[in-house]
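Here is a friendly walk through one protein model and its two ligands. Keep the structure open beside the text and look up each residue as it comes along.

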Amino acid sequence: MIQKKRRGQLIVFSGPSGVGKSTVIAELLHERPNTYFSVSYTTRQPRVGEADGVNYNFVTNETFEAMIARGEFLEYAQYVDHYYGTSLRLINEKLDQGVDVFLDIEVQGAAKVREKCPDAVLIFIMPPSFEELSRRLHGRQTDSESVIEGRLQKAREEIQEVGNYDYLVVNDKVFDAAAQISAILTAESCRTKYNLDIMEGV
Ligand code: ADP
Ligand code: 5GP
């Protein structure tokens, strides 16, 4: 049996806050072997139920800015008054081990990843409607009304960037969205350019 020897793939997920990115990613991590979620750094406060080092690494402005100065981020951005960033070191380690790495990042960060890592796969998650997005943000019960308003406003801007993504997936039912993304990831892993080593064994 010929084993595929390849570097892991970098998979970027973007989409409005509350669309269900974390939920769909959790489902994919559960279903697909050799996958890893890149835990970002942020200066925002933890929400109820969020744990440091699991959902995010929660840090102060000072720490975040020191990390920027030391060049420790693959990308970072400001989103509704807070910094968010992806640490370069850990994701490179995982990719080198052949593990697929999932990033849950907003649109400016995704554009930076596209520039720096042209092979990254960019997936935009859409809500079935704005009414449903608003219902999910309220249903999560983690943000105040003014924060939710800010995020809904931001969602309208973010959706304009969908043309920069390779794939668009509507998260109506979690199971269906995860199945579509799984199909995308399987197809991406079969691209000829990642599998030329198979020829050596034939
Ligand atoms: P994001 O990570 O995009 O901010 P979350 O994964 O936190 O979004 O989901 C926001 C809320 O919507 C959560 O309460 C989650 O349980 C719910 N949710 C996620 N996907 C769906 C879906 N397909 N149908 C209904 N509710 C969903
Ligand atoms: P939230 O506060 O809802 O967890 O996240 C707000 C936004 O920040 C979401 O769109 C999420 O995808 C994005 N985000 C989370 N981590 C990162 C990161 O490391 N970099 C960038 N650019 N955006 C991030």
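## A word on burial

A residue counts as buried when its relative accessible area is under 20%, as exposed when that area is over 50%, and as partly exposed in between. Please bear in mind that this is a predicted model.

Tyr-83 has a relative accessible area of 12%, so this residue is buried. Phe-64 is at 0% relative accessibility and therefore counts as buried too. Tyr-76, at 30%, counts as partly exposed.

## Aromatic pairs around Phe-64

Rings are paired here if their centres lie within 6.5 Å. By this rule there are 11 aromatic pairs. Why is the pair of Phe-64 and Tyr-76 called edge-to-face? The ring planes stand at 70°, with the centres 6.2 Å apart, so the pair falls into that class, for which the angle has to be over 60 degrees. Because Phe-64 sits in helix α2 (residues 61-69) and Tyr-76 in strand β5 (residues 73-79), the pair ties together parts that are 12 residues apart in sequence.

Phe-64 also pairs with Tyr-83, and these two rings are stacked: their centres are 4.6 Å apart, with 5° between the planes. Ring pairs join Phe-64, Tyr-76 and Tyr-83 with Tyr-41 and Phe-73 in a cluster.

## Lysines over rings

Elsewhere, Lys-94 lies over the face of Tyr-36, and here the distance from the ring centre is 4.8 Å.

## The nonpolar core

In soluble globular proteins, nonpolar side chains tend to be buried together. In this model the largest nonpolar core has 21 residues. Which residues have the most contacts inside it? They are Ile-11, Phe-13, Leu-28, Phe-102, Ile-123 and Ile-181.

Several elements each supply at least two residues of this core: strands β1 (10-14) and β8 (121-126), along with helices α1 (21-31), α5 (130-140), α6 (145-159) and α7 (174-189). The largest share comes from α7, with five residues.

## Ligand 1

Ligand 1 is surrounded by 15 residues, and the closest are Gly-18, Lys-21, Ser-22, Thr-23 and Asp-172. A polar side-chain atom of Thr-23 is 2.6 Å from an oxygen atom of the ligand. Arg-140 has an N or O atom of its side chain 2.8 Å from an oxygen atom of ligand 1, while Val-19 has a polar backbone atom 3.4 Å from an oxygen atom of ligand 1. How much of ligand 1 does the protein bury? Taken alone, the ligand exposes 560 Å², and 74% of that is buried by the protein.

## Ligand 2

Around ligand 2 there are 17 residues, with Tyr-56, Tyr-84, Asp-104, Glu-106 and Arg-151 as the closest. Tyr-84 places an N or O atom of its side chain 2.6 Å from an oxygen atom of the ligand. For Arg-47, a polar side-chain atom lies 2.8 Å from an oxygen atom of ligand 2, and for Ser-17 the corresponding distance is 3.4 Å. On its own, ligand 2 has 510 Å² of accessible area, and the protein covers 96% of it.

How values were computed
Residues are numbered from 1 along each chain as its sequence is written. Chains are lettered from A and ligands numbered from 1 in the order in which they are written. This is a predicted model: local features need pLDDT of at least 70, side-chain atom pairs count only at pLDDT 80 or more; totals for chains, interfaces and linings use all residues. Side-chain values use heavy atoms; hydrogens and water are left out. Rings of Phe, Tyr and Trp (its six-membered ring) pair if their centres lie within 6.5 Å; planes under 30 degrees apart count as stacked, over 60 as edge-to-face and the rest as tilted. Helices (H or I, at least four residues) and strands (E, at least two) are DSSP runs, numbered from the N terminus. Buried means under 20% relative accessible area, exposed over 50%, partly exposed in between (1.4 Å probe, protein chains only). A charge sits over a ring if NZ of Lys or CZ of Arg is within 6 Å of the ring centre and within 35 degrees of the ring normal. A residue is near a molecule or strand if one of its heavy atoms lies within 4 Å of it. A polar contact is a pair of N or O atoms within 3.5 Å; within protein, one must be able to donate a hydrogen and the other to accept it, and residues adjacent in sequence count only if both atoms are side-chain atoms. Accessible areas come from the Shrake-Rupley method with a 1.4 Å probe; for residues, only the protein chains shown count as cover. A nonpolar core is a set of buried Ala, Val, Leu, Ile, Met, Phe, Trp, Tyr and Cys residues joined through side-chain atoms within 4.5 Å.
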